[in-house]
Amino acid sequence: MKKYEIMYIVKASLDEAQFEKVKTRLHATIVDNGGSIDSFDDWGIKDFAYEINHMKKGHYVVINATANNEGIFEFQRLARINNDVVRVMVVKTESEK
């Protein structure tokens, strides 16, 4: 298991229930593959530095997770095919001990 910092941006136009559904589905991919969500930080809706897909704002979320490769690959795959996720970035913060 390795530690990761994951930042993803969800469309700002989603209501709270839709946002929760997207968040729950993405986080479940890590937990279902044997990982854990160590911390969750909801930054809220922020302005973009530049327009992305005709949008000027997005809902930013940062999580720290402990996961294996399968969990991270599945998270990235689902984030890419989900139309409500604007961007996703995964950074490995600590190697396996």
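**A buried histidine and a pair of packed helices**

At a relative accessibility of 11%, H59 counts as buried, because this value lies under the 20% limit. The model described here is predicted, and in it H59 is found in strand β3, which comprises residues 55-67. The side chain of H59 is joined to that of D42 by a polar contact of 2.7 Å.

Two packed helices are described by the angle between their axes and the distance between the axes. Helix α1, formed by residues 16-32, packs with helix α2, formed by residues 69-81, at an angle of about 160°, and their axes are 8 Å apart. That angle makes α1 roughly antiparallel to α2, because angles over 145 degrees are placed in this class. The crossing of α1 and α2 is right-handed. On the side of α1, the contact is made by R25, L26, T29 and I30, which meet G71, E74, F75, L78 and A79 in α2. The residues of this contact divide into five nonpolar, two polar and two charged.

Helix α1 also holds E20, which is partly exposed, with a relative accessible area of 30%. Along the chain E20 and M7 are 13 residues apart, and their C-alpha atoms are separated by 16 Å.

Key
Residues are numbered from 1 along each chain as its sequence is written. This is a predicted model: local features need pLDDT of at least 70, side-chain atom pairs count only at pLDDT 80 or more; totals for chains, interfaces and linings use all residues. Side-chain values use heavy atoms; hydrogens and water are left out. Axes are lines fitted to C-alpha atoms, for helices over the stretch in contact, and angles run from 0 to 180 degrees between N-to-C directions. Helices (H or I, at least four residues) and strands (E, at least two) are DSSP runs, numbered from the N terminus. Angles under 35 degrees count as roughly parallel, over 145 as roughly antiparallel, 65 to 115 as roughly perpendicular and the rest as oblique. A crossing is left-handed if the near helix is turned anticlockwise from the far one by less than a right angle, and right-handed if clockwise. Contact means heavy atoms within 4.5 Å. Ala, Val, Leu, Ile, Met, Phe, Trp, Tyr, Cys and Pro count as nonpolar, Asp, Glu, Lys and Arg as charged, and the others, Gly among them, as polar. Buried means under 20% relative accessible area, exposed over 50%, partly exposed in between (1.4 Å probe, protein chains only). A polar contact is a pair of N or O atoms within 3.5 Å; within protein, one must be able to donate a hydrogen and the other to accept it, and residues adjacent in sequence count only if both atoms are side-chain atoms.
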